[in-house]
Amino acid sequence: MRQLTYVEAGQVAWQEAPDPEPTDPTGVIVRPLAVARCDLDPIMAGFGIFPGPFAVGHETVAEVVAVGADVRERTAGDRVLVPFQVSCGTCAACRDGRFAACHTYRAKAGCAFGFGEAGGGHGGAVADLLAVPSADHMLIPAPVGLPAAALCTLPDNVTDAYRAVAPQLAERPGAEVLVVGGAAASIGLYAVAAAHACGAGRVRYVDADAARCEAATALGAVVTHLDGPWPRRFDRAPIVVENTADVDGLACALRSTDDYGTCTSVAIHFAPTTPMPLLELYTKGITYHLSRADSRRFLPEVIALAASGALDPLAVPTTIVPWDQGDEAWLRPATKLVLERE
């Protein structure tokens, strides 16, 4: 088969690879129909965060083409979404709903597709075929009526945005949401869309990028175009999405969180230590959360929201490119890139 492979920093190329086999009798082989580029993917491929070579891509909608002997709920021809993290569904963590902390599948960068050996060596989605273990647990039927280009965005970046606002709005219906920064280009905009879909009273968006500010305005946010360094804080909101990947931006977002509010980071802070206004968090009772999004946990809710029409992922600027042009497009700038088979 052919797969889009990260070769070295700044280089991806189509390469031939052996067809994958089912990992065990509970696994299936799927044919990816469309793959969205995660906000982290250009950084991984551009700077060589993880050693290659490895097949790229982990946001996908696919068609099942072969099933293992013990698979009961999935059959060839099914159109499915694939959570980007690999989990078994039966270990103690999975039984507790902590699928991203699965005890069976572990890896340095968290067990996931599209991260090479750092993700457990499970292959990448920009490939003719992909082996998916624990298929009855992992795979989620794709709803009818939604195009593949929209569906493939859901397993990671849309889910990441959703988990940063939806549980918080369930506890505080109609609350205001503040999205600070655009380091993860699509996630911040998906957060605006998800907040509106989940009933936020008002959504504010802050970014230094004019194009993203324009997109956030189109999504219904009240926008502040940042011109210069991060201020000490913005007007406080009970629900804050921190998307700066910057020490000063993080401090600003935390100080912009209202008393007993929640601030969730969706951008990765690579620095080993980051100064934080801990005393202010303590005195104001602020909850700060950072983690990968738990794809298998939240994806069914995200699919339902998209299927209802309340959340349209394609309202975020999306560049759709033919599958065969993946090697040319993967490292090009785009708020959201989708590779789609014709």
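**Group meeting: local features of a predicted model**

Let me begin with serine 134, which is buried, with a relative accessible area of 11%, where buried means under 20% relative accessible area, exposed over 50% and partly exposed in between, using a 1.4 Å probe and protein chains only. Residues are numbered from 1 along each chain as its sequence is written, and side-chain values use heavy atoms, with hydrogens and water left out.

Serine 134 has a positive phi of about 45° although it is not a glycine, and it is found in the loop between β7 (130–132) and α3 (135–138); helices (H or I, at least four residues) and strands (E, at least two) are DSSP runs, numbered from the N terminus. Most residues other than glycine have a negative phi, and most peptide bonds are trans. Tyrosine 260 likewise has a positive phi, of about 60°, without being a glycine, but tyrosine 260 is found in strand β13 (residues 257–265) and is exposed, with a relative accessible area of 62%. On the peptide bonds, a cis bond joins glycine 52 and proline 53, with omega about 0°, and proline 53 is found in the loop between α1 (41–47) and β4 (54–55).

Strand β4 brings me to a sheet. Three strands form an open sheet in the order β2-β1-β4, with antiparallel pairing, and the edge strands are β2 (11–16) and β4, each of which pairs on one side only; two strands pair if DSSP finds at least two bridges between them. Strand β1 (residues 2–8) is joined to β2 by six bridges, and the two run antiparallel. Arginine 2 stands opposite glutamate 16 in β2, and arginine 2 also lies over the face of tryptophan 14, at 4.0 Å from the ring centre; a charge sits over a ring if NZ of Lys or CZ of Arg is within 6 Å of the ring centre and within 35 degrees of the ring normal. Arginine 296 lies over the face of phenylalanine 99, at 5.9 Å from the ring centre.

How many aromatic pairs does the structure hold? The structure holds five, counting rings of Phe, Tyr and Trp (its six-membered ring) whose centres lie within 6.5 Å, with planes under 30 degrees apart taken as stacked, over 60 as edge-to-face and the rest as tilted. The rings of tyrosine 162 and phenylalanine 298 have centres 6.2 Å apart and planes at 65°, so this pair is edge-to-face. Because tyrosine 162 lies in helix α5 (residues 154–171) and phenylalanine 298 in helix α10 (residues 295–307), the pair ties together parts that are 136 residues apart in sequence. Tyrosine 162 and phenylalanine 298 are both buried.

Helix α5 also packs against helix α6 (residues 185–197), at an angle of about 40° and with the axes 8 Å apart, the axes being lines fitted to C-alpha atoms, for helices over the stretch in contact, and angles running from 0 to 180 degrees between N-to-C directions. That makes α5 oblique to α6, given that angles under 35 degrees count as roughly parallel, over 145 as roughly antiparallel, 65 to 115 as roughly perpendicular and the rest as oblique.

Finally, glycine 249 is found in helix α8 (residues 247–255) and counts as buried at 0% relative accessibility.

Definitions and conventions: Predicted model: local features only at pLDDT ≥ 70, side-chain atom pairs only at ≥ 80, totals over all residues.
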